[in-house]
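Please keep the 3D view open as you read.

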Amino acid sequence: FNNELQRSEKMEIISELAASVAHEVRNPLQVTRGFLQLLSEKNSSSNQLYLNMALDELDRAALIITDFLTFAKPEAGKVTTLNVLEEFIHIEGILMPLVNLQGGKITVHIPSDLHIRGSSSKFKQAFINIIKNSIEALDGEGEIDIWAHGDDGKVCIYIKDNGEGMEPEVLARLGEPYFSNKTKGTGLGLMVTFRIIEVMQGNISFTSTKGVGTEVCVSFPSVII
Ligand code: ADP
Ligand code: MG
């Protein structure tokens, strides 16, 4: 009972934190957008093009923040039966430009008959955050392997990279709000992922060796259809 109480208090704190982060980041974006809008009304020809591009990028950034922090309301996002392979086809499509930019390669081997219950957007959010970290950990000709199988009432999903890997001290702190080792990191990605997986009654574990790579194992209760 005690444990449960502590847990829900912790979740409430995380939700509040997320809402305040979203608020803080959206404000300067909106102010900048307002200034650009004013400029675009006064300027002409080629400047217009750049200003419009800047406005589009700002709108996109605001959208990403909104998506990133939707977990602040865990009840949002319609729960359906998800086909794991179909979800990963979407995820791969979203991440492909980023992988190409890093000079890496993704391979996906997932059978077409694996199903779980959950919200499609949250599922994608959770795995995009995991795989983005793998992509960011790659150096040059990196490889990310994604595979999955059914196992005794569970669906197990694996994401393995041959990136920089982590020291045990880093592993122990994964999911902590604002814990990041990147110059442009938010330190919110895995916090979001852990929360989503928890709501979906799943499990996540990391195995990593510094200089070798990282393997993430995520499991969910499977659905037979
Ligand atoms: P961010 O990516 O913004 O830093 P995350 O919560 O996504 O925040 O990740 C926290 C930290 O965990 C990262 O800064 C990185 O040091 C470490 N990490 C997570 N996944 C990996 C991985 N696949 N390989 C190496 N380091 C990782
Ligand atoms: Mg991240």
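Start with helix α4, which supplies four residues, the largest share of the shell around ligand 1. Helices here are DSSP runs of H or I with at least four residues, and strands are runs of E with at least two, numbered from the N terminus. The shell counts 21 residues, and Asn133, Ala137, Ser180, Gly185 and Gly189 come nearest to the ligand; a residue is near if its C-beta atom, placed from the backbone, lies within 6 Å. Two or more residues each are given to this shell by α4 and α6. Sorted by class, the shell holds six nonpolar, 12 polar and three charged residues, where Ala, Val, Leu, Ile, Met, Phe, Trp, Tyr, Cys and Pro count as nonpolar, Asp, Glu, Lys and Arg as charged, and the others, Gly among them, as polar.

A word on what you are viewing: this is a predicted model, in which local features need pLDDT of at least 70, side-chain atom pairs count only at pLDDT 80 or more, and totals for chains, interfaces and linings use all residues. Residues are numbered from 1 along each chain as its sequence is written, while chains are lettered from A and ligands numbered from 1 in the order in which they are written. The protein chain has a mean pLDDT (the predictor's confidence in each residue, from 0 to 100) of 84, with 83% of its residues reaching 70 or more. The model's scores are ipTM 0.99 and pTM 0.76.

Now look at how α4 (residues 120-137) packs on α6 (residues 189-199): the angle is about 140° and the axes are 9 Å apart. Axes are lines fitted to C-alpha atoms, for helices over the stretch in contact, and angles run from 0 to 180 degrees between N-to-C directions. That makes α4 oblique to α6; angles under 35 degrees count as roughly parallel, over 145 as roughly antiparallel, 65 to 115 as roughly perpendicular and the rest as oblique.

Finally, turn to α3 (residues 84-102), whose axis comes within 10 Å of that of α4 and crosses at roughly 25°. The two helices, α3 and α4, are therefore roughly parallel to each other.
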